[in-house]
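Dear colleague,

Please read them with the model open.

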Amino acid sequence: MKKLILFIILISAFSSCKDKTIQEESTTKVSIATEELVMYEMSEMALLMEKMFVENERLKKKIEAGEALGTFNQEYLNIHSAVLTDPNVRNENFNSFSKALLVNQEAVFTSQGEEVKVQFNRMVQACISCHETTCMGPIPRIKKLLIK
């Protein structure tokens, strides 16, 4: 009989611990669910860079297929005035690289024959060179634009 009572007491003790743990987990889940989520908002420059990347992916496909390229997107000139995620990035290096990018980007549309591929790769390399000094994250993605 004593063994039975001791067994019941032990089971009760373990059961109450388990219930308490489940209750604590539920409380944790509720507190996590009530935290406010903050969405990242891209800067003007980040949006412009994203647009440039997507359009240059299309341009690469046109070059590889030998299709007409269209015209230089004047919106790219906003690279000199677009609000940066970190305003300290706009310095002499940034200004030099952004000018080189625009010169090379425009030259893609004025080049002929095989020179179009060469000029496109120069433009991509200008992007990579700039990103080697600031905002290094997208370099592997940018390298995918190179025409082999």
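The sulfur of Cys 130 lies 8.0 Å from the closest cysteine sulfur, that of Cys 127, which is too far for a bond, a disulfide being a pair of cysteine sulfur atoms within 2.5 Å. A search of the whole structure accordingly finds zero disulfides. Cys 130 is buried at 12% relative accessibility, and Cys 127 is buried at 18%, where buried means under 20% relative accessible area, exposed over 50% and partly exposed in between (1.4 Å probe, protein chains only).

Please bear in mind that this is a predicted model, in which local features need pLDDT of at least 70 and side-chain atom pairs count only at pLDDT 80 or more, while totals for chains, interfaces and linings use all residues. Residues are numbered from 1 along each chain as its sequence is written, and side-chain values use heavy atoms, with hydrogens and water left out.

Leaving aside residues up to four places away in sequence, Val 108 touches Leu 59, Ile 63, Leu 69, Val 116, Gln 119, Phe 120 and Met 123, contact meaning heavy atoms within 4.5 Å.

Best regards
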